[in-house]
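Please read it alongside the sequence and the coordinates.

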Amino acid sequence: MVLTTLSVIKADIGSYVGHVMVHPKLIEVATEELSKAINDKIIDDFRVMSCGDDLELIMTHGRGTDDKTIHGLAWEAFSKAVRHAKELKLYAAGQDLLADSFTGTVKGLGPGVAEMEFEERASDPVVIFMADKTGPGAWNYPLFKIFADPFNTIGFVIDSRLSDGFAFTVMDMVKGARIELKCPQEIYSLLLFIGTTGRYCIESVHRNSDGETAAVSSTQRLNLIAGRYVGKDDPVCIVRCQSGFPAVGEVLEPFSFPHLVPGWMRGSHNGPLMPVSLKDAKPTRFDGPPRVVAPGFQIANRKMVGPLDLFDDLAFDSARAKALELADLMRLHGPFEPHRLQLEEMEYTSLPELEKRLANRWKPI
Ligand code: F6R
Ligand code: MG
Ligand code: MG
């Protein structure tokens, strides 16, 4: 059996102007590095892309997930790009490379990772979602809709290949534990956890009938890794489509509603997740609002055919209009919840300092 691995490894290693966009020089440097890896037969194909200030390395190869050589290659590409980011004095140059050297995996060192290995079908369409200014819990709502909600995915009702449903692996990002819940049987239990997006996130989805991988997402939370604020852990997610998986249109459908996600300015605000074309992944208003892009590919003999810019469609114009209206409504709250996140969820807070300064002025009631 010939297996293909699809690896998406991303990091914010510096941007311009401020936290808005990856600079073209970084794309160029990463492209050079991955081109060499093709010549050296380390990978079969790649695309270097970006979403906002996040540099995204998309690679196909035959080395399996969590492979030291692939992770080392990504680390090297990021590190080389950081040198240029520092030369250009790009903003927050080197931000997501938390370690001084590579130790066998990029997991825990800052970059976000989503990888899956599968036997290619006669035709294998995948969608890669990449978001900026939010965290991995942002995928909970759409992944639930895609893989458990018949009002979203009509395939559950009229395609018997989908009728056994899917199992969700959920990670507790605070406790560092995972659980598998099978749907449709355990929909209610699943929802109780994944509704808390800052703590629980869907790590992967598998087909109940044969265990085939349907989706994987990056679950790294930088602020928990580093124990201090180091930027939002803008997530990626790979979803396989068609012929026994939800159709491409069913996979994109949840994004017609720009649901509220934590992130946005200073990683401390709720805002709508706006689906945009690749060229519009440029979060400027109040450092946002949070954005998601959806390049689609056909995987063919470990090569990628694409990307097709799937949100570059006027059918998503009304989602964008709703997102902008929601953004206005949320912004009107200024520093008040529910726009501003609850204290425990904020990535920036001057509260401990303020508490200390005002400690003597609080009088018991
Ligand atoms: C970064 C982000 C931005 C920054 C904000 C303040 O991913 O979301 O909103 O948090 O621009 O950045 P600093 O503290 O670097 O001035
Ligand atoms: Mg940044
Ligand atoms: Mg970012």
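## Proline 290

Proline 290 is buried, with a relative accessible area of 0%; buried means under 20% relative accessible area, exposed over 50%, and partly exposed in between, using a 1.4 Å probe and protein chains only. Proline 290 is placed in the loop between strand S13 (274–275) and strand S14 (291–293). Helices (H or I, at least four residues) and strands (E, at least two) are DSSP runs, numbered from the N terminus. Apart from neighbours within four places in sequence, proline 290 is in contact with Asp132, Lys133, Thr134, Val261, Trp264, Gly271, Pro272, Leu273 and Met274, where contact means heavy atoms within 4.5 Å. From proline 290 to lysine 86 the C-alpha separation is 26 Å in space, and the two are 204 residues apart in sequence.

The model is predicted: local features need pLDDT of at least 70, side-chain atom pairs count only at pLDDT 80 or more, and totals for chains, interfaces and linings use all residues. Residues are numbered from 1 along each chain as its sequence is written, chains are lettered from A and ligands numbered from 1 in the order in which they are written, and side-chain values use heavy atoms, with hydrogens and water left out.

## Serine 277

Serine 277 also lies in the loop between S13 and S14. Serine 277 is buried, with a relative accessible area of 4%. Not counting residues up to four places away in sequence, serine 277 touches Val293, Asp309, Phe311, Asp312 and Arg320.

Donors are N, O and S atoms within 2.8 Å of the metal (3.2 Å for Na, K and Ca); water is not among the atoms, so sites may look incomplete. Distant parts of the chain are linked by histidine 19, in the loop between strand S1 (3–11) and helix H1 (24–39), and aspartate 53, in the loop between strand S2 (45–51) and strand S3 (54–61), which are 34 residues apart. Histidine 19 is partly exposed, with a relative accessible area of 23%, whereas aspartate 53 is buried, at 3%.

Asp53 (OD), Asp54 (OD), Asp132 (OD) and Asp234 (OD) coordinate the magnesium ion (ligand 3) at 2.0 to 2.2 Å. The donor residues of ligand 3 follow the spacing D-D-x77-D-x101-D. Aspartate 53 bridges the magnesium ion (ligand 3) and the magnesium ion (ligand 2), which lie 4.8 Å apart. Aspartate 53 lies in the loop between S2 and S3 and aspartate 234 in the loop between helix H6 (222–226) and S10, so this pair ties together parts that are 181 residues apart in sequence. Aspartate 234 is buried, with a relative accessible area of 3%.

The largest nonpolar core has 40 residues, of which Phe129, Leu143, Phe147 and Phe168 touch the most other members. Such a core is a set of buried Ala, Val, Leu, Ile, Met, Phe, Trp, Tyr and Cys residues joined through side-chain atoms within 4.5 Å. Elements giving two or more residues to this core include strand S5 (124–132), helix H3 (140–148) and strand S6 (166–172). H3 supplies the largest share, 5 residues. A second, separate core of 30 residues includes Ile13, Ile42, Phe46 and Val82.

H3 is mostly covered, with 7 of its 9 residues buried; these are Asn140, Pro142, Leu143, Phe144, Ile146, Phe147 and Ala148. Not counting residues up to four places away in sequence, phenylalanine 147 touches Phe156, Phe166, Phe168, Val205, Ala214, Ala215, Val239 and Pro246.

## Arginine 178

Arginine 178 lies in strand S7 (residues 177–182). Arginine 178 is exposed, with a relative accessible area of 57%. Leaving aside neighbours within four places in sequence, the contacts of arginine 178 are Thr169, Val170, Met171 and Glu203. The C-alpha atoms of arginine 178 and threonine 4 are separated by 26 Å, the two residues being 174 residues apart along the chain.
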